[in-house]
Amino acid sequence: MNPANDLLNHLLRLGDSALVQGQRLCEWCGRAPALEEELALMNVGLDLVGQARNWLDYAAELLADGRDADHLAFRRDERAYRNLLLVEQPNGDFAVTMLKQFFYDAWHLETLRGLCLSSDPRIAGVAAKAFKEVTYHLRRSSEWVERLGDGTEESHRRMLQALPRLWRFTGELIATDPAENALHQAGLLADPAQVATAWQDRVAAVFARATLPVPEAPSHFYLDARKGLHTEHLGLLLAQMQSLPRAYPDAVW
C-alpha cells in the first residue's frame, strides 16, 4: 500500500461522490413535485458541489501535475472516478431520490464526523464545514423517508419499490477497506467500522419510524467503485455534465 496514493483516492472518493450526487439532485431543476422542494433539492445539490470542490482542490494539490479541481471534475473519464456506486444511480421518482439521499447522507455524516478529528488540519477543516451542511441534509432526508414510508398507501408502496432498487448498492457504505483502515490507524480518516455501525443503526431507527422493513445485509456487488468499476449510468451522467468544458476546453468566463 502507498499511503499518499491511498489518501488521494479517498479524497477523490469524497469529492466525486459529492459531485455526482449534487449533479443528480440538480437534474430535478424544473421537475420537482413542488416549488419548495425544488429549491431545497437545488440547495442541497449546491452544498455538495461546493464540498466536492474543496476535496478536489486538495486532491489536485497532492497530484501536483498541473491539474486543478475543474480539470478533475470535467476532464476525467468514468474509470478515473471513485464515487460511490449509489450516487450515480438515476433519480427515479421522488421516493427513489429521497431514499438514495438518506442512505448517502447517513454515511456522509458519520464519515465527516470522523474526518473532523483528522490529524490533517486541511481535512479536518473541510470536514467541519461540510458537517454543518450535511447535518441539515440528513435531517431533511430522514424526515422525508419517514413521511413517505408511513404516509399514504401510495407513498408506502413507492418506498417499498425503491428499496430493493437501491439497497444492493449500500454494501460499499459498510464494507471495510484495508487502505482506509490503514489511513484511520494513521489518524487521517474516520474509523470505517464505526461509520458502518452508525449507518446501520441510523437506517434501522428511521425505517422503524417509517414502517419499512430493513432488508438483509447486501451481498458483495460485482462492481467496485474504488477501482473505477462503475454501473452504466455514470458514463451517461458524465457525458452530459462534461459536455460543455470538453467541447470548449479553452473557454473562460
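Predicted model: local features only at pLDDT ≥ 70, side-chain atom pairs only at ≥ 80, totals over all residues.
Visitor: Which elements does the protein chain have?

Guide: Helices (H or I, at least four residues) and strands (E, at least two) are DSSP runs, numbered from the N terminus. The protein chain has 11 helices and zero strands. Its radius of gyration is 18 Å, close to the 18 Å of the globule rule for 253 residues, so the chain is as compact as a globular protein of that length. The radius is taken over C-alpha atoms, and the rule is 2.2 Å times the number of residues to the power 0.38. Along the principal axes, the C-alpha trace spans about 55 × 45 × 35 Å.

Visitor: What share of the residues is buried, and what share of contacts joins residues 24 or more positions apart?

Guide: Buried means under 20% relative accessible area, exposed over 50%, partly exposed in between (1.4 Å probe, protein chains only). Of the 253 residues, 51% count as buried. Contact means heavy atoms within 4.5 Å. Among contacts with a separation of 6 or more, residues 24 or more positions apart account for 79%.

Visitor: Is Arg140 buried or exposed?

Guide: Arg140 is buried, with a relative accessible area of 9%. Its place is in helix α5 (residues 121-149). Leaving aside neighbours within four places in sequence, Arg140 is in contact with Glu37, Ala40, Leu41 and Met98.

Visitor: Now helix faces. Which residues of α10 are buried?

Guide: In α10 (residues 232-241), they are Leu234, Leu237, Leu238 and Met241. They cover an arc of only 95 degrees around the axis, which puts them on the same side of α10. The arc is that of the directions from the helix axis to the C-beta atoms. The face turned away from the buried side carries the exposed residues Glu232, Leu236 and Gln240. Cover for the buried residues of α10 includes α1 (3-26), α3 (69-74) and α11 (243-247).

Visitor: Which residues of α8 are buried?

Guide: In α8 (residues 178-185), Ala179, Glu180 and Leu183 are buried. Down the axis of α8, these residues fall within an arc of 95 degrees, so they line one face of the helix. Pro178 and Gln185 are exposed, on the face turned away from the buried side. The buried residues of α8 pack against α1 and α9 (192-209).

Visitor: What should I look for in phi?

Guide: Most residues other than glycine have a negative phi. Ala64 has a positive phi of about 50 degrees although it is not a glycine. Ala64 lies in the loop between α2 (35-63) and α3, and it is exposed at 64% relative accessible area.

Visitor: Where is Thr211 found, and what is its phi?

Guide: Thr211 is found in the loop between α9 and α10. Its phi is positive, about 55 degrees, although Thr211 is not a glycine. At 42% relative accessibility, Thr211 counts as partly exposed.

Technical notes: Residues numbered from 1 in each chain as written. Heavy atoms only, no water.
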